[in-house]
Amino acid sequence: MAELGIPEEYLEGYAQVLAEVAATGRRLTREELAFRRALGEQAADAGHGLRALVSAHLTAARAAWPAGPASVDSVLAAVHQATDAFAEGFERAQRQAVRQEEAARREFIDDLLYGRSDLGRLAERAERFGLRLSHAHAVAVAEGPTAYEEGDPVPRQVERALISRFGDRSILLTTKDGRLLCIAPGPQEEVLAHFAKQAHVATDGGRVAIGRPQPGPGGVVHSYEEALNALELAERLELEDPVLRAADLLVYPVLTRDRQAMAELVVNTLGPLTTARGGAQPLLDTLTAYFDSGCVAAEAARRLTLSVRALTYRLERIHKLTGANPAEPAHRYMLQTAVIGARLLDWPAQEL
């Protein structure tokens, strides 16, 4: 079968089997079928195409077709058995190759995101998956109402949307801990922006966080950690933005870097609110709404479903208890920083 590019070794014993079937009308034995499956696996491992292999079998069958009064049905049945067993072995080898590729991909992603592998070796393995770790990369992480795994409809939908617009573009889409991940070269901001848009829709309004571009083989894990931290901050601060950028949230890690100092600020500034009727939480919610609305009383009252008069009363109560007036710029920064700290430290639910 040289004209088809198929070595003769994959047709070994085929013509002899057909001749014996034509003479006796027998079916292929279990050993013969196992041999043909083994040949199919070998052909798949060697990289030959199934279409060309089946064509080679049919061509060989025509060339070896018995000239005598053989049963056409018996010979066709043998051809069917032989090619079916060969194709079964071929498909089995392909499935095994896919499983090995998936395992290698998952191992690479785990090592990449946890920084567990030698960076030089990691960079070599990355090229196999379309990444050049010598360049800067950024990571976007999307989470939805359910956990996702590779092959699920949602990841496939997002992947199709990205590929249809950008091609491969050295983009790696995967899942990790139930979240969707997109790793893209740092300069290609439009890729992660499009991923965020598509993931938000595909996850039914899920939230997406985008880490900053980071250089070098360790840059991916740093950007990934920034995105995860942004998601955690969004949950703790009850941020409503569907897309969060780590670059826009850098103030929060700075505020929490010295946890003890932040805890002291919260207790010293907001501690007196615990003496109010109903505890500190309603007044803390009032401050949060007031600052989140740009210190516009009418908007804050709407968010809290209060009258402006009731909101004003609460602000006056806060002023009286803490000695700090939220309406005065000199006090506002201290109060707002303390409110952010309280949300980050889960105060007053957690005692500081």
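**View 1. Helices H11 and H14.** A crossing is left-handed if the near helix is turned anticlockwise from the far one by less than a right angle, and right-handed if clockwise. H11 passes H14 in a left-handed crossing, in which the two helices pack at an angle of about 115° with their axes 10 Å apart. (Axes are lines fitted to C-alpha atoms, for helices over the stretch in contact, and angles run from 0 to 180 degrees between N-to-C directions.) Helices (H or I, at least four residues) are DSSP runs, numbered from the N terminus. The model is predicted: local features need pLDDT of at least 70 and side-chain atom pairs pLDDT 80 or more, while totals for chains, interfaces and linings use all residues. Residues are numbered from 1 along each chain as its sequence is written, and side-chain values use heavy atoms, without hydrogens or water. On the H11 side, the contact (heavy atoms within 4.5 Å) is made by Leu284, Leu287, Thr288, Phe291 and Asp292. H14 contributes Arg332, Leu335, Gln336, Val339, Ala342 and Arg343. These residues divide into six nonpolar, two polar and three charged. (Ala, Val, Leu, Ile, Met, Phe, Trp, Tyr, Cys and Pro count as nonpolar, Asp, Glu, Lys and Arg as charged, and the others, Gly among them, as polar.)

**View 2. Helix H14 and the segment after it.** H14 covers residues 329-344. Leu335, Thr337, Ala338, Val339, Ile340, Gly341, Ala342, Arg343 and Leu344 of H14 are buried (under 20% relative accessible area; exposed is over 50%, partly exposed in between, with a 1.4 Å probe and protein chains only). The buried residues of H14 pack against helix H8 (219-237), helix H9 (251-256), H10 and H11. Just after H14, aspartate 346 takes a positive phi of about 60°, and this residue is not a glycine. Aspartate 346 counts as partly exposed, at 41% relative accessibility. Proline 348 is also found in the segment after H14. The peptide bond that joins tryptophan 347 to proline 348 is cis, with omega near 15°.

**View 3. Helix H13 and its two ends.** Helix H13 (residues 308-322) has 15 residues, which should span 21 Å at 1.5 Å a residue; the end C-alpha atoms of H13 are 21 Å apart, in agreement. Leu311, Leu315, Ile318, Leu321 and Thr322 of H13 are buried. Seen down the axis of H13, these buried residues fall within an arc of 130° (taken from the directions from the helix axis to the C-beta atoms), so they line one face of the helix. Helix H10 (259-270), helix H11 (281-292) and helix H12 (297-303) are the elements against which the buried residues of H13 pack. The face of H13 turned away from the buried side carries the exposed residues Arg309, Tyr313 and Lys320. In the loop between H12 and H13 lies threonine 305. Threonine 305 has a positive phi of about 50° although it is not a glycine, and this residue is exposed, with a relative accessible area of 71%. H13 is followed by glycine 323, where phi is positive as well, near 80°.

**View 4. Helices H6 and H7.** The axes of helix H6 (residues 153-166) and helix H7 (residues 189-202) come within 10 Å and cross at roughly 145°. H6 passes H7 in a right-handed crossing. From H6, the residues in contact are Val154, Gln157, Val158, Ala161, Leu162, Arg165 and Phe166. From H7, they are Glu190, Val191, His194, Phe195, Gln198, Ala199 and Ala202. The contact residues of H6 and H7 divide into nine nonpolar, three polar and two charged.

**View 5. Helix H3.** Helix H3 (residues 50-63) has 14 residues and reaches 20 Å from its first C-alpha to its last, close to the 20 Å expected at 1.5 Å a residue. The buried residues of H3 are Leu53, Ala56, His57, Ala60 and Ala61. They cover an arc of only 135° around the axis, which puts them on the same side of H3. Arg51, Arg62 and Ala63 are exposed residues carried by the face of H3 turned away from its buried side.

**View 6. Leucine 18 in helix H1.** Leucine 18 is found in helix H1 (residues 14-24). Leucine 18 is buried, with a relative accessible area of 1%. Leaving out residues up to four places away in sequence, leucine 18 touches Ala61, Val75, Ala78 and Val79. Ala61 is also one of the buried residues of H3. Leucine 18 and leucine 76 are 58 residues apart in sequence, and their C-alpha atoms are 9.0 Å apart in space.

Terms used: The expected span of a helix is 1.5 Å times one less than its number of residues.
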